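User: I'm new to this one. Can you walk me through what sits against what inside it?
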Amino acid sequence: MNLVLHSDAPFNELFDYISATSQNASRQLQKPHAAARCQPTMKLLPSLLLATLAAVSPLGAADSYDIVVYGGSSGGITAAIQAARMGKTAVLIEPTKFLGGLTTGGLGATDIGNKKAIGGMSREFYANVFKYYNDPAKWRHQTRDEYFAKKQHGNTGSEDTMWTFEPHVATEIYDAMLATVKDKVTVVFSERLDLKKGVIKEGARITKIIMESGREFTGKMFIDATYEGDLMAKAGVSYAVGREPNAQFGETINGVQKVKTIHHQFTKNVDPYVKPGDPKSGVLPGIDPGDIGEDESGDRKLQAYNFRMCTTDVPENRLDWEKPANYDEKWFELALRNVEAGDERISWAPTGMPNRKTDTNNNFAISTDFIGQNFDYPDADYATRAKIWQAHEDWQKGLMWTYAYHPRVPEKMRAAFQKFGLAKDEFKDNGNWPRQLYVREARRMIGGYVMSEKNCKRREIVEDSVGM
């Protein structure tokens, strides 16, 4: 049985559903990239896709649990906790050294949309955020009243939930939630799936997974809660990478979009050639001179990745932007020419978090998104992904230094970027840089039924959904 679920799915119903249908049923759900923009719910906890595969074979000489969760994202954490609350044993296997993915990795500006639509353990998390910040002692660089007076990101301060938070707070909350089920949930860090021989099956069912270290895990059910979907893919589940054409699922806003591309665009004419005015000199780094394809057609391009930086304007807690050791000005020539052409927009989007911090995202023509440099990431091996990851980090750090200190940048813009810097009290184990790359999309499961624009716009209602 194969499922893709959102992390606030009612797991008691899920387990009953699986038990009743696992002998002969196969149901797969997917949230495609274009349809994701239509979701009226938040981007984090409920939007992390879980590829769930039931396995009922005899257990071998390996670590054995009822539920094996691969990936310590928010979806993985909630799956493990809910399994424990239902009396099941679970192991939560995280390839890195930290839990929580983007939720603890800088993305504290939750896309809430309709707050009433958020339920289950997702709402429990945001209720815990509210309780945490009700303590005056947690406000070090501003008061609670000062923060809520600005009506930050839809917060009122009078509800029983709060939708913005500092990265370390998310970690503390998840740790506390996991502590309540420590007798049922085992957390394993720094173990990666062996991409060549890591998934053992009997027929269509997973029976065991093997890590690069040789460690083995068996279980009655396996859940892929990673951003990349490696367990799903190596188990032989069908998936897509890139944009589907509109015609494939009867959509209007999927695929290549030339006419509707109106945001994050250049406002000034900027020469794209290495030698200005000379096409024979080639284009500047980062520019794709090829045709992007016909409107509404599909391709393998992905929404760009970045890091959601946690910055602050509190002098005693702020780090100045450092020029990366491998800084290559050619990569930032387009940005420099753009500001010299007169585009003085402050090219980022910092959203206020508690204690005068930010969750900082991409904005305008040239910003934190490393556009076009992630297309190979989903299907790549670990070494190639590491190179892509590092390239994104080099780009973003280099761009911040460029906007803050390069003499070709107007003084007003430099001052705006110098006002903020990385928060000293976040990600202290990683040089204050976010530990998670914002993998906005990677592999997406293809099942017997595929969620698409018609579902998000409620033109078609699924009567037997198992999660939202």
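Analyst: One thing to know at the start is that this is a predicted model. A place to begin is Leu 399: leaving aside neighbours within four places in sequence, Leu 399 is in contact with Phe 332, Ala 335, Ile 366, Ser 367 and Thr 368.

User: Which residues touch the most other members of the largest nonpolar core?

Analyst: Those are Ile 366, Leu 399 and Tyr 403, in a core of 39 residues.

User: Which helices each supply at least two residues of this core?

Analyst: Helices α10 (333-340), α11 (382-405) and α12 (411-419) do. The largest share is from α11, with seven residues.

User: New topic, helix packing. At what angle do α3 and α7 pack?

Analyst: Helix α3 (residues 74-85) and helix α7 (residues 167-179) pack at about 20 degrees, and their axes are 10 Å apart. Angles under 35 degrees count as roughly parallel, so α3 is roughly parallel to α7.

User: And is the crossing left-handed or right-handed?

Analyst: Left-handed, as α3 passes α7.

User: Which residues make the contact?

Analyst: On α3, the contact is made by Ser 74, Ile 77, Ile 81 and Arg 85. On α7, Tyr 174, Met 177 and Leu 178 take part.

User: How does that contact split by class?

Analyst: The contact of α3 with α7 has five nonpolar residues, one polar and one charged.

Technical notes:
Residues are numbered from 1 along each chain as its sequence is written. This is a predicted model: local features need pLDDT of at least 70, side-chain atom pairs count only at pLDDT 80 or more; totals for chains, interfaces and linings use all residues. Side-chain values use heavy atoms; hydrogens and water are left out. Axes are lines fitted to C-alpha atoms, for helices over the stretch in contact, and angles run from 0 to 180 degrees between N-to-C directions. Helices (H or I, at least four residues) and strands (E, at least two) are DSSP runs, numbered from the N terminus. Angles under 35 degrees count as roughly parallel, over 145 as roughly antiparallel, 65 to 115 as roughly perpendicular and the rest as oblique. A crossing is left-handed if the near helix is turned anticlockwise from the far one by less than a right angle, and right-handed if clockwise. Contact means heavy atoms within 4.5 Å. Ala, Val, Leu, Ile, Met, Phe, Trp, Tyr, Cys and Pro count as nonpolar, Asp, Glu, Lys and Arg as charged, and the others, Gly among them, as polar. A nonpolar core is a set of buried Ala, Val, Leu, Ile, Met, Phe, Trp, Tyr and Cys residues joined through side-chain atoms within 4.5 Å. Buried means under 20% relative accessible area, exposed over 50%, partly exposed in between (1.4 Å probe, protein chains only).
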